[in-house]
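Work through the exercises below with the structure open beside you, and try each task before reading its solution.

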Amino acid sequence: MIVKLDEISEIFQGAIYTRIKPSNDIDECILLDTISMQELNYTIGNALTYEKLESKVLSSKKTSCIFTNEDDVLVGLTMQKAMVITSERSGKLALSNFAVIRIHDKNVIDPNYLCWLINENSYFKKLIDQSSQGTSYVSIVSIATLRNLEIPIIEIEKQRKIGILYQLSIERKKIGEELEQLKNNLLKCNIERIYKNEK
């Protein structure tokens with residue numbers, strides 16, 4: 001069965017920061033934990049670390065903010081990559097460089113399966129690339145493109161297996177990269193030790 005993504009989820013863009021940020025130092029404001037592209041890169045295994053991001057927001061504009069919920073799928077509109085929001089990342093501010101996909105029923109589509117489709121499935125990657133707007137340097141996937149994505153709905157247990165295996169592959173990639181970094185650091189330390197002993 002094939003369905004459009006907006007038939008099985010709510011899709012909206014994160015908050016536009018210029019509309020919620022303070023305009024001067026005397027405005028009453030709050031600091032909010034914020035999802036960043038760096039964090040998205042880390043979550044999908046493309047970076048070993050990320051720095052925590054906080055945004056200064058007008059207190060009166062908090063109700064206008066878009067916050068993440070557990071099992072939301074966030075798509076970086078310029079990166080064209082997706083991540084699933086875990087309980088630890090729930091309640092973070094999502095800004096306008098992200099699209100939030102809030103699934104209606106996780107017994108119809110698994111968030112990790114959807115994330116795999118967007119990030120790894122060659123058909124979806126090609127479709128998103130073709131539909132992206134902008135220059136060759138900066139292309140942006142539109143909310144309309146996401147809403148119209150045709151999603152293959154396979155048996156939910158198979159979706160969940162794909163989702164689990166995909167998350168395991170990301171963790172394996174992270175561990176492999178961390179191990180390589182440790183090996184490189186060890187080699188550099190040995191080179192420095194040999195050099196110092198020769199002086």
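This is a predicted model: local features need pLDDT of at least 70, side-chain atom pairs count only at pLDDT 80 or more; totals for chains, interfaces and linings use all residues.

**Exercise 1.** Locate Arg89, decide whether Arg89 is buried or exposed, and list the residues it is in contact with, leaving aside its neighbours within four places in sequence.

*Solution.* First follow the chain to the loop between strand 6 (81-84) and strand 7 (98-103), where Arg89 is found. Then consider its relative accessible area, which is 13%; since buried means under 20%, Arg89 is buried. Finally, with those sequence neighbours left aside, Arg89 is in contact with Ile35, Glu39, Tyr42, Thr43, Tyr50, Thr68 and Met83.

**Exercise 2.** Two of the contacts of Arg89 are Tyr42 and Tyr50; describe how the rings of Tyr42 and Tyr50 are arranged, and find which charged end sits over the ring of Tyr42.

*Solution.* A pair of aromatic rings is described by the distance of the centres and the angle of the planes. The structure holds two aromatic pairs, and one of them is formed by Tyr42 and Tyr50, with 5.1 Å from centre to centre and 50° between the planes, an arrangement that counts as tilted. Tyr42 is partly exposed, with a relative accessible area of 23%, and Tyr50 is likewise partly exposed, at 29%. The charged end that sits over the ring of Tyr42 is that of Lys174, 4.0 Å from the ring centre.

**Exercise 3.** Identify the residues with the most contacts inside the largest nonpolar core, and name the element that gives the most to this core.

*Solution.* In soluble globular proteins, nonpolar side chains tend to be buried together. Here the largest nonpolar core has 28 residues, and those with the most contacts inside it are Leu5, Val75, Ile101, Ile109, Leu114, Leu146 and Ile151. Among the elements that give two or more residues to this core are helix 1 (5-8), strand 5 (73-76) and helix 4 (111-120), and helix 4 gives the most, with five residues. Now take Leu114, which, leaving aside its neighbours within four places in sequence, is in contact with Leu5, Val73, Ile101, Ile103, Ile109 and Ile151. A second, separate core has 19 residues, including Leu40, Cys65, Met83 and Ala94.

How values were computed:
Residues are numbered from 1 along each chain as its sequence is written. Side-chain values use heavy atoms; hydrogens and water are left out. Helices (H or I, at least four residues) and strands (E, at least two) are DSSP runs, numbered from the N terminus. Buried means under 20% relative accessible area, exposed over 50%, partly exposed in between (1.4 Å probe, protein chains only). Contact means heavy atoms within 4.5 Å. A nonpolar core is a set of buried Ala, Val, Leu, Ile, Met, Phe, Trp, Tyr and Cys residues joined through side-chain atoms within 4.5 Å. Rings of Phe, Tyr and Trp (its six-membered ring) pair if their centres lie within 6.5 Å; planes under 30 degrees apart count as stacked, over 60 as edge-to-face and the rest as tilted. A charge sits over a ring if NZ of Lys or CZ of Arg is within 6 Å of the ring centre and within 35 degrees of the ring normal.
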